[in-house]
Amino acid sequence: MIPFLDLKSIQLAQRDELAAAFERVLESGWYILGAEVTQFEQEYADYCGARHAVGVANGLDALSLALRAMGIGPGDEVIVPSNTYIATWLAVSHAGATPVPVEPDARTCNLDPTRIEAAITPHTRAIMPVHLYGQPADMQAILEIARHHHLRVLEDGAQAHGARVRGERLGAHGDAVAWSFYPGKNLGALGDGGAVTTNDPELASRLRELRNYGSKRKYHNEVIGYNSRLDELQAALLRVKLPQLDAANRRRTHIAQRYLSAFAGLGLTLPHVPDFAEPAWHLFVVQHPRRDALAARLAELGVATMIHYPVAPHLQPAYATLGLGAGSFPISEAMHARVLSLPIGPTQGDDATDQVIAAVQRAVAELA
């Protein structure tokens, strides 16, 4: 079986360096908000081309704390994609605001800028584009709309570490970018972790305060804060992995280019990459009208797949109170019924890629 993502091989490729980082933290005697976090924050900010990075406990906290640091809360509305992982919506809810979904571009699966203005109301405070599957959203168009309407822009970069828009890495196009370091991400820790990058020093300062019980100085609490801190061990491990991120992304890109070439004209809807985008290829997502049958046949042929994501956020029981039933967002709903993610990872060899290609070609032909 070709695994969807071989996390073990990814970690073991840097086993000695990761072990040395663990020993360094163990010997330091300092395990929360110490030198490793400080150094990783600087290194990651530099990598992203941002002035500041603030480490937090996970990607959801990165989103929700960034919204709170922007002053967004009850009574406010935040525009979100209808096609995304539910964490994007949850962050808005955790901040006390209301998510307002907008349909994606059918080609890129990302938030469609041409549909945003119709969703703006007097209560709208921010736009939250998601760089879904590692594919950058159209930030130029989104930022023009945001500036015209005096809205904040918080990017969800959880799947897009190292991706570029018009030659510049994601990290500071909008007001802030929220990142996840969940183990399966392109830059993954060995546990949960997250960060926010920004060029705004006041926003960074508020984030540092909010993540640490609302405190700038120990035992002095200026605001009602949270306990959401990237720990020293995960920061040390991420420091080992960060220098290898570009090489890992190049490997993902190599596999993606092979897939795009091999599957052209096959009968699958393939990822569309706009001219302005350099994806990180966190996921390689195809669409097929008989998605479930295709996934089952690929499993029989020894290829593991995943569905990102089977149920749109507006159809989840968690958001039933919004009253957005089936048919509310037909473009997103069609995607969620058709999408299938194929194996793609930095340690996936050419032989494994050959097997995936052969299996997909066979399975699609059988289902035609």
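**Figure 1. Arg169 puts its charged end over the ring of Tyr47.** The distance to the ring centre is 3.8 Å; to count as sitting over a ring, NZ of Lys or CZ of Arg has to be within 6 Å of the ring centre and within 35 degrees of the ring normal. A word on what you're looking at: this is a predicted model, where local features need pLDDT of at least 70 and side-chain atom pairs count only at pLDDT 80 or more, while totals for chains, interfaces and linings use all residues. Residues are numbered from 1 along each chain as its sequence is written, and side-chain values use heavy atoms, with hydrogens and water left out. Arg169 also has a salt bridge to Asp246, at 2.6 Å from N to O (the rule is a side-chain nitrogen of Lys or Arg within 4 Å of a carboxyl oxygen of Asp or Glu). That bridge links distant parts of the chain, with Arg169 in strand E7 (residues 168–169) and Asp246 in helix H9, 77 residues apart. Helices (H or I, at least four residues) and strands (E, at least two) are DSSP runs numbered from the N terminus. Arg169 counts as buried because its relative accessibility is 18%, whereas Asp246, at 26%, is partly exposed. The cut-offs are under 20% relative accessible area for buried, over 50% for exposed and in between for partly exposed (1.4 Å probe, protein chains only).

**Figure 2. Tyr47 belongs to a cluster of rings.** Ring pairs join Tyr47 with Phe40, Tyr44, Trp179 and Phe181. Rings of Phe, Tyr and Trp (its six-membered ring) pair if their centres lie within 6.5 Å; under 30 degrees between planes is stacked, over 60 is edge-to-face and the rest is tilted. That rule gives 10 aromatic pairs. Take Tyr44 and Phe181: with centres 5.5 Å apart and planes at 85°, they are edge-to-face. This pair spans 137 residues, from Tyr44 in helix H3 to Phe181 in the loop between E8 and strand E9 (194–198).

**Figure 3. The largest nonpolar core has 39 residues.** A nonpolar core here is a set of buried Ala, Val, Leu, Ile, Met, Phe, Trp, Tyr and Cys residues joined through side-chain atoms within 4.5 Å. The members that touch the most others are Phe40, Tyr44, Ile116, Ile127, Phe181 and Leu187. Helices H3 (35–48), H6 (139–149) and H8 (232–241) each give two or more residues, as do strands E3 (98–102) and E8 (176–180). Zoom in on Ile127 and, leaving out residues up to four places away in sequence, its contacts (heavy atoms within 4.5 Å) include Ile79, Leu111, Ile142 and Val153. Another core, of 29 residues, lies apart from this one, and its members include Val54, Ala69, Leu207 and Leu210. In soluble globular proteins, nonpolar side chains tend to be buried together.

**Figure 4. Helix H10 (residues 291–300) has a buried side and a face turned away from it.** Arg291, Leu294, Ala295, Arg297 and Leu298 are its buried residues. They sit on the same side of H10 because they cover an arc of only 165° around the axis, taken from the directions from the helix axis to the C-beta atoms. What packs over them? The cover includes helix H11 (330–338), strand E14 (339–342) and helix H12 (350–367). Exposed Asp292 and Glu300 are carried on the face turned away from the buried side. Arg297 and Glu300 meet in a salt bridge (3.0 Å, N to O); being three residues apart in H10, they are separated by about one helical turn. Arg297 is at 19% relative accessibility, so it counts as buried, whereas Glu300, at 61%, counts as exposed. Just after H10, Gly302 takes a positive phi of about 90°.

**Figure 5. Arg107 and Asp105 form a salt bridge.** Their side chains meet at 3.6 Å, N to O. Arg107 is exposed at 53% relative accessibility, while Asp105 is buried at 17%. The whole structure has 18 salt bridges.
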